[in-house]
Structure formats: structure tokens, C-alpha cells
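Have a go at each task before you read its worked solution.

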Amino acid sequence: MKFTETRPKPKFGTGFYIVIACCILLLGGASWFALSNIADNGDIKSKNENSEYKDKTPSYTENIPESEPQDAVEETEEKVSQVPYSSEPAKTEAPKKAVFALPVQGEILKHSSSDALQYSATYGDMRLHQGIDIACELKSKLHACADGTVSNIELNTALGNVVTIDHGNKIIVKYASLEKINVSAGDTVQLGDIIGTVGTIPSECNDKSHVHIEVFVSGKHADPLKALGLE
């Protein structure tokens, strides 16, 4: 007996495999499309983030002050260069020294002496003389020795009418033997102002006609010529 080998016929035809291939293609296409969308979304998000960061980045050019014009800078440098440089310390001006003059023009009859006795024609004896006597005619105009303020006016039994003027710097001058007085206590006088006219001095009435002045420095008698710088 002849044995014929028989094989089982396939269950699926060619169409089945075509369908399988199409499915695989569809799945591949869907996967590619999905991946493409993800990449695009990432790029868009990255661009948006960069845009937001750029918008939030402060502008540093808005607050930068405008530079000064070159001409102004050169002008400032020129002014600075014109200031002379000195290593010496700044000097302060010393207070102005008072200027003095004799109240009348004439010969000095008697000088001041605090320890040497001088003859007095009125009393006929030797005694101290704490001022200077300047020869002048009666009724001669008597001038202020310097700028100052009248501090006192009095009638003295030895010196007659006396005008006291404070000339500052602790210097006080007593003008004796006035006949007429043109100032009052508290008045301000200047060098050369007429404060009165010359009269007689009770304690020196036998001497030649003159004016008698006494000078005090810090409250003490001083040589008038030395104290007033008139030597």
C-alpha cells in the first residue's frame, strides 16, 4: 500500500499577514507622531520659559546716569589745576592793633615817674608824677587818643574835670584839666574826636598851662608814652 504524506494546510491566508503589517505600520506612525508632539511641546515650553526669563530680567541701562559732558569734566579739571598748592598752614589774621596819638600837640613838660620824685611848683616839694603834662594854651581842643568808649566823667579835687575813656586791650586813659566837656558816659569816640577844651589843674595850677593825662594798663598806672607806643 502506497503511503502519501499529507501536511496540514495553514489556517491563515496572505490577507491576514497584510493586516498585521498594516497594524504595525499604524502603531509605528502613532508612536512617531506622539514623540514628535512631545518634542515640539518641550521646545515651545523652553522657548516660553526663556521668554519669561527675558521679560523678568531687569534692564540695567535705565538707571545708569548719563555721563557728564567731556567739556564739563575738562572745565572742572582746569579750575582745580588753577588752585595754587601750598604746604604752609593757613594763616589767621591777628587782631588789628589800636593806633594812638597825643590828645594835643606840644612839649612834654613832665614825664611819668613811679619811683623818682619830681618838683611841684604848686606844692613847693618833691613828689611822684603818675602821668604826663603836655604844654598847650587854655581852651585848646582836647582830642581822643584812639577809638574807645567813654566810661566815666567826674570832678576830681586834684585833677579837676576828668574824662575816662576805655580804649580796649585793657588800656584806659584819664584826660584831666578839662574846662568844657563835649561827651557823655557811654558815648563811642574815634581817634581825633574832640572830647572837650583844656582848663586848669588844681594840683598843678602854678605850672605852665598844660593838659595832664594818665594811662592804666590792666588797672595799674603805666608810662603813657610807652603804653600808647608814642616813645
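**Exercise 1. Find how far apart the closest N and O atoms are in the salt bridge of R127 and D125.**

Step 1. Start with the rule: a salt bridge is a side-chain nitrogen of Lys or Arg within 4 Å of a carboxyl oxygen of Asp or Glu.

Step 2. In the pair R127 and D125, the closest N and O atoms are 2.8 Å apart.

Step 3. Now look at the cover around each partner, where buried means under 20% relative accessible area, exposed over 50%, and partly exposed in between (1.4 Å probe, protein chains only). R127 is partly exposed because its relative accessible area is 32%, and D125 is partly exposed too, with 28%.

Step 4. R127 also lies over the face of Y123, at 3.9 Å from the ring centre. The rule here asks for NZ of Lys or CZ of Arg within 6 Å of the ring centre and within 35 degrees of the ring normal.

Before going on, a word about what you are looking at. This is a predicted model, in which local features need pLDDT of at least 70 and side-chain atom pairs count only at pLDDT 80 or more, while totals for chains, interfaces and linings use all residues. Residues are numbered from 1 along each chain as its sequence is written, and side-chain values use heavy atoms, with hydrogens and water left out.

**Exercise 2. Count the salt bridges, and say which parts of the chain they join.**

Step 1. The count comes to three salt bridges.

Step 2. One of them is between D207 and K110, with 3.9 Å from N to O. D207 lies in the loop between β10 and β11 and K110 in strand β1 (residues 108–110), so this pair ties together parts that are 97 residues apart in sequence. Strands (E, at least two residues) and helices (H or I, at least four) are DSSP runs, numbered from the N terminus.

Step 3. Check the cover: D207 counts as partly exposed because its relative accessibility is 21%, whereas K110, at 14%, counts as buried.

Step 4. Another salt bridge joins K139 and E179, whose closest N and O atoms are 2.8 Å apart. This pair links distant parts of the chain, 40 residues apart: K139 is in the loop between β4 (132–135) and β5 (141–143), and E179 is in strand β8. K139 is exposed, with a relative accessible area of 54%, and E179 is partly exposed, with 42%.

**Exercise 3. Is T197 buried or exposed, and which residues is it in contact with?**

Step 1. Locate T197 in strand β10 (residues 194–198).

Step 2. T197 counts as buried because its relative accessibility is 15%.

Step 3. Contact means heavy atoms within 4.5 Å. Leaving aside neighbours within four places in sequence, the contacts of T197 include K139, S177 and E179.

Step 4. Now move to G199, in the loop between β10 and β11 (210–217). G199 is buried, with a relative accessible area of 9%. With neighbours within four places left aside, G199 is in contact with L138, S177, L178, E179 and H210.

Step 5. Finish with a distance: the C-alpha atoms of G199 and V211 are separated by 7.8 Å, and the two residues are 12 apart along the chain.

**Exercise 4. Compare the phi angles and the cover of K170 and S177.**

Step 1. Most residues other than glycine have a negative phi.

Step 2. K170 is not a glycine, and its phi is positive, near 65°. K170 sits in the loop between β7 (160–166) and β8 (171–181).

Step 3. S177 is not a glycine either, and has a positive phi of about 60°. S177 belongs to strand β8.

Step 4. K170 counts as exposed because its relative accessibility is 62%. S177 is buried, with a relative accessible area of 0%.

**Exercise 5. Describe the chain as a whole.**

Step 1. The chain has three helices and 12 strands.

Step 2. Of its 231 residues, 23% are buried.

Step 3. Among contacts with a separation of 6 or more, 59% are between residues 24 or more positions apart.
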